[in-house]
Amino acid sequence: MTHQPGPDLDAPGAAVGARRLVVAAAIVDDVVAPSRLLAARRSRPSSLAGRWEFPGGKVDDGETPVGALHRELREELGVSVDLGPEVAGPDDDAWIITDRHVMRLWLARVTVGDPAPLVEHDDLRWLDAESLFTVDWLDGDVRIVAALAGLLTR
Ligand SMILES: Nc1nc2c([nH]c(=O)n2[C@H]2C[C@H](O)[C@@H](COP(=O)(O)OP(=O)(O)OP(=O)(O)O)O2)c(=O)[nH]1
């Protein structure tokens with residue numbers, strides 16, 4: 001069997017570029033003065049089931065990041081959203097979330113539909129500044145949630 005090396009994550013510039021792009025939404029009640037954030041509990045794969053995350057997913061070939069995000073939110077939650085500002089992270093404005101994924105995140109407000117855990121998730125919860133860390137966020141999301149905590153009005 002021949003050895004197929006994966007991306008060299010130690011190579012210069014590879015920290016972000018070699019990772020698969022995930023796009024996600026910090027769905028809030030109001031993108032200008034948010035007080036509540038919607039968290040989603042993963043139902044699969046088993047290694048991630050039960051952990052909480054921002055709804056979203058991978059950008060497919062030929063999609064723009066924003067196009068992919070609208071598609072994922074429609075598929076996963078059955079909603080349309082208006083996007084607010086991007087929540088820029090420290091890794092080329094994105095957030096390294098795993099050794100294989102980097103995430104871009106936007107504030108968003110639901111404009112059509114009531115969010116429901118249709119696929120990928122089995123529970124949704126609105127969290128405020130007090131309850132933000134009462135759910136078990138995915139490891140890579142913890143520092144993002146901490147950054148968002150500063151945006152939530154009490
Ligand atoms: N959607 C999402 N994925 C996250 C977050 N934090 C985090 O570490 N991840 C990881 C989990 C997965 O390994 C990867 C995203 O994969 P995904 O399963 O959501 O992507 P997808 O909806 O396109 O699913 P698939 O078609 O590949 O099955 O990023 C987050 O907040 N939201």
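These legends go with several close-up views of the predicted model shown above. Local features need pLDDT of at least 70 and side-chain atom pairs count only at pLDDT 80 or more, while totals for chains, interfaces and linings use all residues. Residues are numbered from 1 along each chain as its sequence is written.

**View 1**
Let's start with α2, which spans residues 65-77 and so has 13 residues. Helices (H or I, at least four residues) and strands (E, at least two) are DSSP runs, numbered from the N terminus. From first C-alpha to last, α2 reaches 18 Å, close to the 18 Å expected at 1.5 Å a residue; the expected span is 1.5 Å times one less than the number of residues. Look for A68, L69, E72, L73, E76 and L77, which are buried. A residue is buried if 20 or more other C-beta atoms lie within 10 Å of its own, exposed if 12 or fewer, and partly exposed in between, with C-beta atoms placed from the backbone. An α-helix has 3.6 residues a turn, so residues three or four places apart point the same way.

**View 1**

**View 2. Strand β7 and its partners.**
Strands pair if DSSP finds at least two bridges between them. β7 runs parallel to β1, joined by eight bridges, and I27 has A108 in β7 as its bridge partner. With β5, the pairing of β7 is antiparallel over five bridges; here V81 stands opposite V110. Strand β6 (residues 95-96) also pairs with β7 in the antiparallel sense, over two bridges, and I96 stands opposite V102. Four residues lie between β6 and β7 in the hairpin that they form.

**View 3. D136 and its contacts from elsewhere in the chain.**
You will find D136 in the loop between β8 and α3 (142-149). D136 counts as exposed because it has 12 C-beta neighbours inside 10 Å. Leaving aside neighbours within four places in sequence, D136 is in contact with G50, R51 and W52; contact means C-beta atoms, placed from the backbone, within 7 Å. Although D136 and G50 are 86 residues apart along the chain, 7.8 Å separates their C-alpha atoms.

Terms used
Contact = placed C-beta atoms within 7 Å.
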